[in-house]
Amino acid sequence: MTDHQLLVVSRPVAAVLDLQASARVLIYPEATGLTAAGMTQLAVQIDQRLTKISR
């Protein structure tokens, strides 16, 4: 990954890939997909992380 990339994966994918949450890895909890509210919350989290990474 480059300096301005963020990896976003579901919890099951993170488990398979043995990933841990970090500044550049965002793990969302929904195992069966995102609800509309969950998608909005995830979008906010992604925006916040990318803002931090780009500074």
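Guide: In what follows, two residues are in contact when they have heavy atoms within 4.5 Å. The model is predicted.

Visitor: Which residues does V25 touch, not counting residues up to four places away in sequence?
Guide: V25 sits in strand β2. Its relative accessible area is 9%, under the 20% cut-off, so V25 is buried. Leaving aside residues up to four places away in sequence, the residues that V25 touches are L6, L7, L19, Q20 and R49.

Visitor: How far apart in space are V25 and L7, C-alpha to C-alpha?
Guide: L7 is among the residues that V25 touches. The two are 18 residues apart in sequence. From C-alpha to C-alpha, the distance between V25 and L7 is 4.8 Å.

Visitor: What pattern does the chain follow, read along the sequence?
Guide: The chain holds 2 helices and 2 strands. Read along the sequence, these elements give the pattern β-α-β-α.

Visitor: How confident is the predictor, and which element of the chain has the highest mean pLDDT?
Guide: Over the chain the mean pLDDT is 83, and 85% of the residues reach 70 or more. Among the elements, α2 has the lowest mean, 84. The highest mean, 91, belongs to helix α1.

Visitor: Which elements give two or more residues to the largest nonpolar core?
Guide: The largest nonpolar core has 5 residues: L6, L26, Y28, L42 and I53. The elements that supply two or more of these residues are β2 and α2.

Visitor: Is S10 buried or exposed, and which residues does S10 touch beyond four places away in sequence?
Guide: S10 lies in strand β1. Its relative accessibility is 11%, so S10 counts as buried. Residues up to four places away in sequence aside, S10 touches I27, Y28 and E30.

Visitor: Where does D18 lie, and what is its phi?
Guide: D18 is found in the loop between α1 and β2. At 62% relative accessibility, D18 counts as exposed, because the cut-off is over 50%. Although D18 is not a glycine, its phi is positive, at about 55°.

Visitor: What share of the accessible surface of the chain belongs to carbon and sulfur atoms?
Guide: Buried residues make up 18% of the 55 residues in the chain. The accessible surface of the chain comes to about 4000 Å². The part belonging to carbon and sulfur atoms is 56%.

Notes
Residues numbered from 1 in each chain as written. Predicted model: local features only at pLDDT ≥ 70, side-chain atom pairs only at ≥ 80, totals over all residues. Heavy atoms only, no water. Helix = DSSP H or I, 4+ residues; strand = E, 2+ residues; numbered from the N terminus. Buried < 20%, exposed > 50% of the residue type's maximum accessible area, 1.4 Å probe, protein only. Core = buried A, V, L, I, M, F, W, Y, C linked by side-chain atoms within 4.5 Å. Areas by Shrake-Rupley, 256 points an atom, 1.4 Å probe, with all protein chains shown as cover. pLDDT = per-residue confidence, 0-100.
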